[in-house]
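Have a go at each task before you read its solution.

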Amino acid sequence: MFEHLLSSVPDDPFYQPRKPLWSPRELTEAPAIRTLRAGECEDRYALLINPFYPKDPHASFGKHVLTPSLALTSIAAATPDTWRVRYWDENLLQGAPPVSPLPHVVGITVHLTFARRAYELADWFREHGCVVVLGGLHVLSCPEEAAPHADALALGDGVQLWPTILADIERGTLKSRYDADFERPYDADPAPRRRLLPKESFLTTSSLIATRGCHNRCGFCYLSTEGLAMPYRTRAVEDIRKQWEDDGEPYAVFIDNNLGSKPDYLRALCRELRPLKRIWSAAVSLDVTNHPDVVREMALSGCTGVFIGFESLSDENLAAAKKRTPRTDDYTQRVRMLHEHGIQVNASFVLGFDQDRRDCFTQLAQWIESNRIECGTFHILTPYPGTPLFRQMQREGRLLHTNWDLYDTAHVVFQPKHLSPDELQLGYDWLYRKLYSAQSIWRRRPSDATAVLPYLAMSYLYKRSNRFWHLLIKHRLVHAVWKPLVHWTRWRHVKFRERLAASLDRHVPMSGSVVSASV
């Protein structure tokens, strides 16, 4: 184990041979369902399932239990009181869904990479007399594929559709397809039913969605899927605060696509959250730094980290992807602004754009190290069905296959323009190995000495401890083990923002930073 922690990685992105990364069977293979013994069917009982998907060993296994998706808990909130509802997430390593008693209705969310598993579950429950409803983005983009596995498809906003579907089931008038748009005001949706969640299995159950949509429509992003018209909508900031207060967690994760698309809204949200003296993280686009006052409000309200899709160091790649973002030569000073406000950066990059060549991997690693980026997240360019990128690749004959299991941004599924598929795969693997080697982690340590220890804790416990994560997930210890670290991080950040507020009052620039150990 210690040899793994201290081992170095060659500077050549294409070196071989390589030792496979450790990955247990429980995190790569779905639990068996064919041997399950079904019980009697319970009337007006709905089971909502998040299907299993294989975990990429390059990334932290902890990312899958950082915070729950709100899709199914939002559906649960729309369930009439006359129905019993239960939530089951196969990725928490507690086995296949419960089947005794059998549910009257099974709702399954379907995404591209676990579509096959979703269909397997759907077929089993239908064979045993359950009514199966499929929804999710993959159902929207490929309804003809999903239809044979369901009694009904929910296309669009499932929160709107779910009560109608259940009412039709009760009346015996179920239709095969239900459609809804995303135009309804977001405030009309009920708050998610978080009490259904197994709290002990997540680092925090306070996953929040304050906004829906994004002002960008990048050609490779699922938000550009044909038929998905999702205007940017916001929820009352008072309601977001109440949801967080009601859940009682010291740390929240905003799982919005882009929390910063409307700077005025984000500013108001931060001011609403500031009195709570808690910590949070979110995905934003880099242009949030166009508004330094908003960055200050984020820091003062408890923002410890942001996930930002930088995507590429090539302006040509960004233009081709229709990504509206600051120029790449402006990245460094914008990262510095975030660091100066105690906000760590998880920089996300897409690999395999048409202007990417063999040297793109080493250039990217050098840029991440020179800017002391705390976390790097890498994705192989993946043409999701229904997106402009998919249609382009299909038109150019560059798709290698349509095995959706491998459309997970960790496998090469198309022919790159200036790289071979093997070179792209090796470069992806090398970036993770290189950036999370002991040497690179140390080189990227914060300039503020007081922040080095929390940074190292985050890098090693979160990014370099997948064996540990496997045990925590399997034995439902995630929340218990991380709770002290989260509280320590919150305490440190409260002290930091007191100093930040005082420096702003005196108009004195802050030096140093604070890095969250919990994200």
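**Exercise 1.** Find which strands helix α12 lies across, and its angle to β13.

*Solution.* Start with helix α12, residues 360–370. In this predicted model, local features need pLDDT of at least 70 and side-chain atom pairs pLDDT 80 or more, while totals for chains, interfaces and linings use all residues. Residues are numbered from 1 along each chain as its sequence is written, and side-chain values use heavy atoms, without hydrogens and water. Helices (H or I, at least four residues) and strands (E, at least two) are DSSP runs, numbered from the N terminus. Helix α12 lies across β12, β13 and β14. Next, the angle: α12 runs at about 175 degrees to β13 (axes are lines fitted to C-alpha atoms, for helices over the stretch in contact, with angles from 0 to 180 degrees between N-to-C directions; contact means heavy atoms within 4.5 Å).

**Exercise 2.** Work out the strand order of the open sheet, then look at how β12 and β13 pair.

*Solution.* Six parallel strands go β7-β10-β11-β12-β13-β14. At the edges sit β7 (207–208) and β14 (375–380), each pairing on one side only. Pairing takes at least two DSSP bridges between two strands. Now zoom in: β12 (303–311) and β13 (344–351) share six bridges, in the parallel sense. There, E311 stands opposite F349 in β13.
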